[in-house]
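Open the model in a viewer and keep the sequence panel beside it. The stops below can be selected in order.

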Amino acid sequence: MEFIADLIVNIGEWLQGLIASTGLSGGWVKLIMSGIGGFALAIVPFAAVIVLIWAARKLVARMQDRLGPNNSGPYPGPYAILQTFADAIKMLTKEDVVPAAADRWVFNAAPVLILTVSIGVWAVLPLGKGLIGADLNIGIFYVLSLASGSLVALLMAGWGSNNKYALVGALRAIAQLVSYEIPQVLAVLTVVMVAGTLSMQGIIEAQRIPFLFSMPLTALLFFVGSLAEVSRQPFDLTEADSEIVAGYMVEYSGMKFGQFYLSEFINNFSLSVITATLFLGGWRGPFVNSVPVLGTLWILIKALAVFFVLLWLWGTMPRLRIDQMLSFNWKVLVPVSLTNVSMLALVGKALPPDPSPWLRAGALFGSNVLLVVVVLAIMILTGRRARELQTTAQG
Amino acid sequence: MLSQFAFVGIFLLIALFFGVAPLIIAYLLRPKKPNPRKASTYECGLEPCGDAWVQFRVQYYVFGLAFVVFDVEAALLLPWAVAYHALDLYAVVEAVLFILILLGALVYVWRKGALEWM
């Protein structure tokens, strides 16, 4: 029973004992264990994504009143569950066309880099109590810095393809990712400020009350920022198949396109896990202290809930124009998140020393709600004035 | 902590392997029948016209510049945020003033009209 209660950690320890019993020195045992653990950890996003692509296609189809992959027609497996495998086989056996004008090295390195970066994030994602690849003391900073790596990959793809659509798409993507990184980073800054640590496990342990409830506005800013970072609808104008024919991906075929597609879904799932970690309390939940393996279940449920919201937006939202996208960020999100950071910093210090968690959460929640009211009032007033100016100009 | 960073290094190598492996498998499986038409640059089925490196808006650079300011600010403020609970009010007010100065920079950019998409 005790073995099952902390299943994954116990399997790791058993394996370590097994390797140590062969008589290798401590350093080698550690190295082999890191290799096996890292390999198992890197499989997780792949396995999750194979199921999630199918689930996403099914759910979005239902939202748009379609059937999606189903029992009829050419789809393999019951409820077309094997469709993702069929897609993978198709991509692997497709001819690889590299345009003669493209810069071969940069063109081929871009999909490798983007997939490496999106898997690399998983080294610091907490998947349960005491279950994390490496609990770095700069965990969330590592995540943010790897996100910039995918930006480099996009620019490599766009510039290396030597194609007009790819170049325009890459520039759009850069403008979008660069802009929305600011509200995202500032929201993370707020979380770090309240939690007092950059480590992912530390942030989870600081959430006796999940940060979603104590700082709802911060959670919203982070979510909108990350939505643009992973180019999910309504911010999918980097791909925009109807305008710039998939943007930076236009020249890629076969498995190279597959790698972009895969990394997009892996990024979506990592975003769900990161949001669950930062704002929903990660693996915290009932019975975690007695049965640690339940923590993995809780974080999975929370991450899937966030993923469902992503799909919901995918199924409902139209695409933004680039000017709307940029002005929404620079004129709304950035000023609001800057005000949010300074306001929460001052409120936290205005409290009596060592406040109870409920008092702190209440104060943070109150200031967040106040800020939302002020922002909405300003937006309604400026919108009304703009409409009045328009009508006087017409009349 | 050092062994944790070593794990991250090993994990990044494994991630690189997972990034390259699909290409190697595809290289073994895929057909290879190149011809010059296939290898020409895609432009919605027409013959490619002119150089691919078209002119684009200079505004992308303006947004890039504004981004650098705020990203450096965030990188500078992260250590402050970690130490937040140990700081006294004076240090917090200083950081808030720093943020407000940058908010002033944003207002300046806004008033100059650099945020309008023309």
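This is a predicted model: local features need pLDDT of at least 70, side-chain atom pairs count only at pLDDT 80 or more; totals for chains, interfaces and linings use all residues.

Residues are numbered from 1 along each chain as its sequence is written, chains are lettered from A and ligands numbered from 1 in the order in which they are written, and side-chain values use heavy atoms, with hydrogens and water left out.

**Cavities**

A cavity here is a set of points, on a 1 Å grid over the protein atoms alone, where a 1.4 Å probe fits but cannot get out; lining residues have an atom within 4 Å of a point. Grid points are joined across faces, edges and corners, and a volume is the space filled by probe spheres set on the points. The structure holds 5 cavities of 30 Å³ or more.

Select Ala147(A), Gln184(A), Glu229(A), Val230(A) and Asn267(A): of the 18 residues that line the largest cavity, these lie nearest its centre. Two or more lining residues come from each of α6 (139–161), α7 (164–195), α10 (216–229) and α12 (254–279) of chain A. Helices are DSSP runs (H or I, at least four residues), numbered from the N terminus. The most is given by α6(A), with 6 residues. The volume of this largest cavity is about 290 Å³. Its lining has 12 nonpolar, 5 polar and 1 charged residues, where Ala, Val, Leu, Ile, Met, Phe, Trp, Tyr, Cys and Pro count as nonpolar, Asp, Glu, Lys and Arg as charged, and the others, Gly among them, as polar.

Next, select Ile114(A), Val230(A), Ser231(A), Tyr248(A) and Asn267(A), which lie nearest the centre of the second largest cavity, out of 14 lining residues. That cavity has a volume of about 150 Å³. Both α6 and α12 of chain A supply at least two residues of its lining, and the largest share, 4 residues, comes from α12(A). By class, the lining of the second largest cavity has 7 nonpolar, 4 polar and 3 charged residues.

What is the phi of Ser231(A) near? The value is near 50°, positive in a residue other than glycine. Most residues other than glycine have a negative phi. Ser231(A) has 7% relative accessibility and therefore counts as buried (under 20% relative accessible area; exposed is over 50% and partly exposed in between, with a 1.4 Å probe and protein chains only).

For another positive phi, near 60°, go to Asp65(A). Asp65(A) is in the loop between α3 (26–63) and α4 of chain A. Is Asp65(A) buried or exposed? At 74% relative accessibility, Asp65(A) counts as exposed.

**Aromatic rings**

Show the side chains of Phe, Tyr and Trp. Rings (for Trp, the six-membered ring) pair if their centres lie within 6.5 Å; planes under 30 degrees apart count as stacked, over 60 as edge-to-face and the rest as tilted. The count comes to 19 aromatic pairs over all chains. One of them is Phe107(A) with Tyr252(A): the ring centres are 4.3 Å apart and the planes at 0°, so the pair is stacked. Phe107(A) lies in helix α5 (residues 104–120) and Tyr252(A) in the loop between α11 (241–244) and α12 of chain A, so the pair ties together parts that are 145 residues apart in sequence. Both residues, Phe107(A) and Tyr252(A), are buried.

For a cluster that includes residues of chains A and B, select Phe39(A), Phe46(A), Phe17(B) and Phe18(B).

Then select Arg232(A). Its charged end sits over the ring of Trp314(A), 4.2 Å from the centre, and over the ring of Phe265(A), 5.6 Å from the centre. The rule asks for NZ of Lys or CZ of Arg within 6 Å of the ring centre and within 35 degrees of the ring normal.

**Buried helix residues**

Finish at Ile322(A), in helix α14 (residues 322–350) of chain A. Ile322(A) counts as buried, at 12% relative accessibility. Contact means heavy atoms within 4.5 Å. Not counting residues up to four places away in sequence, Ile322(A) touches Arg172(A), Leu237(A), Tyr60(B) and Trp117(B).

In helix α4 (residues 83–92) of chain A, select Gln83(A). Gln83(A) is also buried, at 11% relative accessibility. With residues up to four places away in sequence left out, Gln83(A) touches Arg57(A), Tyr75(A) and Pro76(A).

Notes
On a 1 Å grid over the protein atoms alone, a cavity is a set of points where a 1.4 Å probe fits but cannot get out, and a pocket is an open set with protein on both sides within 12 Å along at least five of seven lines; lining residues have an atom within 4 Å of a point.
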